[in-house]
Amino acid sequence: MSQPGTPGAPAGLQAHNGAASASGAPYSNGPVPSAMMSSHIAVNQGYNSQLPGSYPHLLPAKTLNPASGQSSYHASQGSGQAFHRPPVASHPVGPSLHSGPVPQMLPPASQSPAAGPRLPGGFPPGSSPLPPVNWQHSPPSLAPQASHCPPAPSQPTVLGNTHLSAHHQYVPSGDPSLQNSCATSGSALPLRNPPLPTTFQPGAPPGPPPAGGPPLVRALAPQKASLRAAPQPSFNAAVNQEGITSNTNNGSMMVHSSYDAIEGGGFLATPQLATKNPQMSQGVGYAYPSLPPGYQNTTPPSSATGMPSSSLNYPSGPQAFPQTSLGANHLTASMSGLSLHPEGLRVVNLLQERKILPATPLQPPAPNLHEDIQKLNCNPELFRCTLTSIPQTQALLNKAKLPLGLLLHPFKDLVQLPVVTSSTIVRCRSCRTYINPFVSFLDQRRWKCNLCYRVNDVPEEFMYNPLTRVYGEPHRRPEVQNATIEFMAPSEYMLRPPQPPVYLFVFDVSHNAVETGYLNSVCQSLLDNLDLLPGNTRTKIGFITFDSTIHFYSLQEGLSQPQMLIISDIDDIFIPMPENLLVNLNESKELVQSLLKTLPQMFTKSLETQSALGPALQAAFKLMSPTGGRMSVFQTQLPTLGVGALKPREEPNQRTSAKEIHLTPSTDFYKKLALDCSGQQVAVDLFLLSGQYSDLASLGCISRYSAGSVYYYPSYHHQHNPVQVQKLQKELQRYLTRKIGFEAVMRIRCTKGLSIHTFHGNFFVRSTDLLSLPNVNPDAGYAVQMSVGESLTDTQLVSFQSALLYTSSKGERRIRVHTLCLPVVSTLNEVFLGADVQAISGLLANMAVDRSITASLSDARDALVNAVIDSLSAYRSSVLSNQQPGLMVPFSLRLFPLFVLALLKQKSFQTGTNARLDERIFAMCQVKNQPLVYLMLTTHPSLYRVDNLSDEGALNINDRTIPQPPVLQLSVENLSRDGAFLMDAGSVLMLWIGKNCAQNFLTQVLGVQNYASIPQTMTELPDLDTPESARTIAFISWLREQRPFFPILYIIRDESPMKANFLQNMVEDRTESALSYYEFLLHIQQQVNK
């Protein structure tokens, strides 16, 4: 095997992810470990991307289930646009967010979706795409295309990051440093509470009835004609925005992906083994008594970075399952009223009950499950479904007009995470599902998969429970007691030696960059946190700076000071002395510190105004390609030189319009480079610190397709905008020290009959359902859209499982698995009853971003409004028995119109404001990449009155008393001039002080004598020795600790320039370009009652 940098590597090792293969075969993702994975020489992408060598790959020590038939459909990545996630299928599924003019007549609810042409527009959230043809690489299409026809009922419609590769490296990852693992490496996993003594019941009934298999098995089944009958007018283009066409019968060669071979595909590997079982009378086959998860209600310790993890709120004592098995009749009877709040069945007239916002933060609805099952379920902070009751059929989902999808926060920091160090990882032989709390044990030696229903043998090693030290209790092992668990993966999960943590920093040092003074802050933050970078003795670090030329820094051990190497030929980038540019941090720490101290002063006299960002990124990519790692890029202006140079496109006089704004990238250079980075396990994080238009729509692609993140600091300046300096420093501290996973992949599986067809987030889709994440961080969220491919009438429960495989910063292979179980329902009323309005709003926001890109902003706005009209029309016509005047909604959807109105006023989708184009694009990036809890806070801020805080109902955390004032409706009706009101809008906190605010608050909290003395630009509260000051500061600090970014606090008086921003967030009030909440309700009522 060739070593890095040696000329002996075969040509196939140089195939790049992102370039079309000369032979039409898929891209390869990094070096190919053996001829078993076909490799092809790839043509280049219009820029020089030869690699300096390849990181050595090892063959897996053992191939997992080679007969499983896991295969990937080859595809080449078309060059598309920044947010191109094509909509869904060509036939309606779910709510059809149609985006035609809002006041349009709906078809009768009883009308079959296939019975006639659908109304124009809409992203049908639950649709089943058509079978994909062989995906072809197409030349860049820069003109926005308004519509496309997504593919394949059983193939995911890959939105955006759609690059399929024949060679996938799979590596698990995960740094346990920020979580309290229940077991250290090599030790048994301890339980907080010892399990209760239980008896083994050999004659227990078998497991759950059949319900279908992994999503992609639908490709083998004939299509129902009715699903094809009605084309969607807005989704009927033959090629989607990514230039991908689809058809399953493509005749292309099937090749094992190496990642698929390790992680196991989402396809049903042996369909003949997954024939439908006869009807069984057991809902979930717990023949054995079991324990609730090992999570405890513990107070989250604050971490080194000030970002405490939230604990998982589960019962703390061990409670055994009832000895009697849960038969179908028992389950149905128990479920009839479980977990339903008394108001759950209530119908709300929104025109009469306008004050419906709860005074405490909205909690996700609990699924209608037996308490013993719900006890074991996944925490909704990690895994959440838009519908907590899954419709039995696609027809029922279509009728409800609600989107079906999942929202995930898979790598979230957890206070307690059970870690299994056993070398035996038990998985279904057919669909490769990991054993979990919702499988059924037929007897001591056999278990039935809860996704495909295959019966599997229990391995001998799994019979012994290391916690209880008892043999013959497989049902008591932690894998079967915890819905969230992490495995230490054995050697067969490795394709190459674990990569070292590699951090490369790329700094813009042009005159504009030096003026902002950002280098001082960044270099100081790096110096402060150098020892806290996640890693071990193998950690590597490097630096590149650029203006019109590229500057490398040799940090070779033994040098007295860093050596600068300048490359002035930006059209032909090469790496000088590659072995000295990325150096071991421990061995060269003094040189690194010396460079960080001198770097801010090195370019102070620079008059170079040009920016060669594209060539600098190419240089960084070549430097990191042999190993992979994280690239952190700091940019302060529009790139002007070399490849990737951009031109200004923003027209200030069109900022308020919903038409003709440039949301799409102007070049595919950054996307193609991101795909190359993804193939070599490099993620790119972009920090944009600019007061001028910088075309984030184009630049953002480098992070989006490489699984990186975008940070945006508009008008950053160290003197003129000091609050941005504080924000950058706080967020850099979190960024540099938080947990990180390298060379990761993630796959989401679901019960047979359900299928996933659309992905949202920052990643690249490698094979139909394998997400490539060169880096994974604890602050990233993802979403998927789903459909019901086959009827679920044979089952009462369905499950979803996400598996994230990654390399920790300590060099360990890890697999983090989350499993969610939900009930299946057969009536429309039950579907509405289980609707999760926050998850629905979050998924619709993701879909609306896609619609903005593929069609237009006005189309996306119309589609959001129509989502409300459609679902409430369906409820009125199909569920309500007597038609009453007013706007009648189910209690579960009482906040739906309010949240959609808030989305329409959110920066991503608002019109009539003078928002900068880059700010709008950044807001869209946040919608795609933020976990749901932060997205909802940004969309619908929380308003509190804080001049009368008390200890009543306060939280007590780490000996701190945190007041909990009630949440107020977002309307000026709730403001009073004699009070002070705090608005938490996620990334910003605004404290509005009324003119007649009590003197006590002014002196005891603000430290001023009177209202006129409040400074115009006050951004911090003084730390005064008064109870009022302590309460206010404690509350604001607690809000800040809840999130991974740092919200700036603005104290606002009536004359303050920030007052307009404060009032803009009052989403229930009318603005020049947007309706008030009451007017919006009247509009919805008019459309629903048509």
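Visitor: In what order do the three strands β10, β11 and β12 form an open sheet, and in which sense do they pair?

Guide: This is a predicted model. The order is β10-β11-β12, and the pairing is antiparallel.

Visitor: What makes β5 and β25 edge strands?

Guide: Another open, antiparallel sheet has four strands in the order β5-β7-β28-β25. β5 (383-385) and β25 (754-760) each pair on one side only. The twist here averages 25° from one strand to the next. Helix α15 (residues 837-854) packs on this sheet and touches β5, β7, β25 and β28. Its direction makes about 100° with that of β28.

Visitor: What makes the contact between Asp836 and Arg384 a salt bridge?

Guide: The cut-off is 4 Å between a side-chain nitrogen of Lys or Arg and a carboxyl oxygen of Asp or Glu. Here the closest N and O atoms are 2.6 Å apart, so the pair qualifies. Both Asp836 and Arg384 are buried.

Visitor: Which parts does the pair of Asp836 and Arg384 tie together?

Guide: Asp836 lies in the loop between α14 (828-833) and α15, and Arg384 in strand β5, so the linked parts are 452 residues apart in sequence.

Visitor: Why is Asp413 called buried?

Guide: Buried means under 20% relative accessible area. Asp413 has 7% relative accessibility, so the term applies. Its salt-bridge partner Arg734, at 3.1 Å between the closest N and O atoms, is buried too, with 5%.

Visitor: Why does Arg977 count as partly exposed?

Guide: Partly exposed lies between buried, under 20%, and exposed, over 50%. Arg977 has 44%, so it falls in between. Arg977 meets Asp1054 in a salt bridge (2.8 Å, N to O). Asp1054 counts as buried at 13%.

Visitor: How do you know that Ile566 is exposed?

Guide: The relative accessible area of Ile566 is 52%, and exposed means over 50%, so Ile566 qualifies. With Met564 and Met602, Ile566 makes a nonpolar surface patch of about 260 Å².

Technical notes. Residues are numbered from 1 along each chain as its sequence is written. This is a predicted model: local features need pLDDT of at least 70, side-chain atom pairs count only at pLDDT 80 or more; totals for chains, interfaces and linings use all residues. Side-chain values use heavy atoms; hydrogens and water are left out. Two strands pair if DSSP finds at least two bridges between them. Helices (H or I, at least four residues) and strands (E, at least two) are DSSP runs, numbered from the N terminus. Axes are lines fitted to C-alpha atoms, for helices over the stretch in contact, and angles run from 0 to 180 degrees between N-to-C directions. Contact means heavy atoms within 4.5 Å. Patches are made of residues with over 30% relative accessible area and no salt bridge: like charges are joined within 9 Å, nonpolar side chains (Val, Leu, Ile, Met, Phe, Trp, Tyr) within 5 Å. Accessible areas come from the Shrake-Rupley method with a 1.4 Å probe; for residues, only the protein chains shown count as cover. Buried means under 20% relative accessible area, exposed over 50%, partly exposed in between (1.4 Å probe, protein chains only).
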